[in-house]
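Please look over the sequence and the structure first.

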Amino acid sequence: MTAIKHALQRDIFTPNDERLLSIVNVCKAGKKKRNCFLCATVTTERPVQVNVVKVKKSDKGDFYKRQTAWGLRDLAVVDAKDAVKENPEFDLHFDKVYKWVASSTVEKNTFISCIWKLNQRYLRKKIDFINVSSQLLEESVPSGENQSVTGGDEESVDEYQELNAREEQDIEIMMEGCEYAISNAEAFAEKLSRELQVLDGANIQSIMASEKQVNILMKLLDEALKEVDQIELKLSSYEEMLQSVKEQMDQISESNHLIHLSNTNNVKLLSEIEFLVNHMDLAKGHIKALQEGDLTSSRGIEACTNAADALLQCMNVALRPGHDMLHAVKQQQQRFSDLREQFARRLASHLNSVFVHQGHDQSSTLAQHSVELTLPNHHPFHRDLLRYAKLMEWLKNTDYGKYEGLTKNYMDYLSRLYEREIKDFFEVAKIKMTGTTREGKKFATLPRKESAVKQETESLHGSSGKLTGSTSSLNKLSVQSSGSRRSQSSSLLDMGNMSASDLDVADRTKFDKIFEQVLSELEPLCLAEQDFISKFFKLQQHQSISGTTNEAEEMDGGSLSRSYTSGVPQTISSEKDMIRQMMTKIFRCIEPELNNLIALGDKIDSFNSLYMLVKMSHHVWTAQNVDPASFLSTTLGNVLVTVKRNFDKCISNQMKQMDEVKISKKSKVGILPFVAEFEEFAALAESIFKNAERRGDLDKAYTKLIRAVFVSVEKVANESQKTPRDVVMMENFHHIFATLSRLKISCLEAEKKEAKQKYTDHLQSYVIYSLGQPLEKLNHFFEGVEARVAQGIREEEVSYQLAFNKQELRKVIKEYPGKEVKKGLDNLYKKVDKHLCEEENLLQVVWHSMQDEFIRQYKHFEGLIARCYPGSGITMEFTIQDILDYCSSIAQSH
């Protein structure tokens, strides 16, 4: 290693004015072993620069080359990996971490020690040496002593010893005093020798002169020692006296500590007692209110409420550690539990009695609502019970079992009460709809009594829910039905002077108002009860719902208890679910009764489904803006599905009737019944569905019905024997077009255009077919003329043909004098009059079209005469004006 060191110094570092202080043979950790050397060097020029140089052997020869150099100032951490065990690995942290493996542990330790000493001497920089033995990290050599930097490199000492700052300063001063020192070194050295001799002599004299002073100093030291001995004796006596004082003071201090500890304990004990007394002491007035308080008066309820709150605070006080082990605390807690149990039992018993009495009292008021279509008002009962709302909240927090029992009892009593009220209410509605008494007899007159005016109320109350897919089955009613809508209207004509259509409108308007009154009465009833339940039983109505329940499923008596464990409520998805369950239990009869009423209305008149769809849709739509998942909105949504099914069934029945229509073979067809019924339906639907939310359902029904009407008209026209097909198509499609133009139904614009086109096409077809060839022989003559022209004969040469000369033309024309033409037109008018019906009044339109067609044929004949027989002077025996006069006189005469 020494030879390598000399070689590196000579070949690499000496040319760069650097001295090599330490060297270590290393290779990179974890890679293929390619040895290199790490060298610690310093520059010979000032200021001194300390570097760590990586030297590598050249691949082309045996010489070494300098590869990388790092300044010692850039070194942050030296990691020796293990300070106890021998380990050749070490890391140097420069700009990044360099991991090395030394050839021996000794070389690694020597190199790290050199790095540490160079840092101490030249840099004084904070370099972290971790996992390095403390023996390697020795203090640096004091300045001024001629010792090696590395502490082990003797060659470096022999070669060079650096002067410290003071030595440099002294030499500079001496050289300034001897300017010739540089030119005459021997004279300078001789002068220095003489001065050294002078100094040695002066030093010896100074030592001899100081001997006397030393003797005097020794005497003074002896006297001082004697004084010290005396002082020590006095201090010992003082210490003995202070020892007894110290013992007395220790006793006093210990006594004071015990007194202070006793006072502290007394204060803490007093604080604990005050805490227990202040927080676990219930006033006598509160105890009396809980035991004997009047639960019927407002003042007594308020006193019981305050006492219950105070009791709850005492029971819920957060006791400090150890309090629950005190006998007095246990007694007080037991007393509180007894008071709570006693008051809870008394409160539950009282409220159960209130529920029972309310059911009986409310039943007594049902008689006054039996005639009018109104539901009893529960507001007074709700107002009285809301006085107990805070007590119910207290019961819910303290004794959930009794709270749950009250909830079930309330549902049981109120469900029976509401069932009686609602069934009587719907019975009145059915009586008013059907016009029968409770014994099933018809009302004698159509005009309504003054007591029925209250049916006209059309107020809408907001509360709604989502339209769900579940519906209750439609219950069939035992109500007398008069069969079809038209036959029923006819059977009622003997009861007044109204026409059948007027009677239908009156009945439907009456049904619409009754149905609206039913919904308007049910909505505030349900909303008021739901609001009361949320306030009285302290249930939140506006929490997010994380779980779903089947609202249509009837809740049994134990469904509420499944949401809770015994005595302590579980974390339920929402108290809103409980409100819906209670409402479903209390108003379980609403949905069946509504379905029964809907079935009755549909049986009375299938067109009532239009009124019900609009009214029910509006109530559902307005309700959805308040609470889409409430009981009311869910129930109305379920019923809406039933109404929609009835509406669809009404449309299907009309389409079925169209398909099954039969026409008489002996009478003319005219306007088909289902065409008139479609007009009636469309007019009625447009008046009902004006600005309605379910307009889309009507548009879909329109599309189905109109297509069915078109198909059925075609079918009847094809089967007609008495009336020509074109007449059936023309009259009915004209009627459909007129209806759609009058009603202006936007979704049927395409069908309106189609109806107009069919009417026009069949009108033209009928005119051409019926008119035919009124001048038959003349028509055949000119057909032969046109045939000759088509064969290539020039028009002006046709008159030279034997069969088509002028003489033959005159013979044919003479056969059609004006009287014969008028007679033929008169017979044609009578024939058309027999085909057409009076309802649609198309006779004049058809006759005018025939007149135009006849004139067109006349002009065609005149044109052929002018072109094929020019200059012949041949004309028809009647003119266009004669044709107009004939047609006008025939129309006026009939």
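The sections below cover the basis of the model, its sheet and a pair of helices.

## Basis

This is a predicted model, in which local features need pLDDT of at least 70 and side-chain atom pairs count only at pLDDT 80 or more, while totals for chains, interfaces and linings use all residues. Residues are numbered from 1 along each chain as its sequence is written, and side-chain values use heavy atoms, without hydrogens and water.

## The sheet

Eight strands make up an open sheet of mixed pairing, ordered β4-β3-β2-β1-β7-β6-β5-β8. Strands (E, at least two residues) and helices (H or I, at least four) are DSSP runs numbered from the N terminus, and two strands pair if DSSP finds at least two bridges between them. β4 (64-71) and β8 (128-130) are at the edges with a single partner strand each, so one side of each has no neighbour in the sheet.

β2 (residues 36-43) and β3 (residues 50-57) run antiparallel and are joined by six bridges. Ala 40 has Val 52 in β3 as its bridge partner. Helix α1 (residues 2-13) packs on the sheet and touches β1 (18-28), β2, β3 and β4; contact means heavy atoms within 4.5 Å.

## Helices α6 and α7

The axes of α6 (residues 284-292) and α7 (residues 298-315) come within 8 Å and cross at roughly 115°. Axes are lines fitted to C-alpha atoms, for helices over the stretch in contact, and angles run from 0 to 180 degrees between N-to-C directions. The two helices are therefore roughly perpendicular (65 to 115 degrees). On the α6 side, the contact is made by His 286, Ala 289 and Leu 290.

Key: Parallel < 35°, antiparallel > 145°, perpendicular 65-115°, else oblique.
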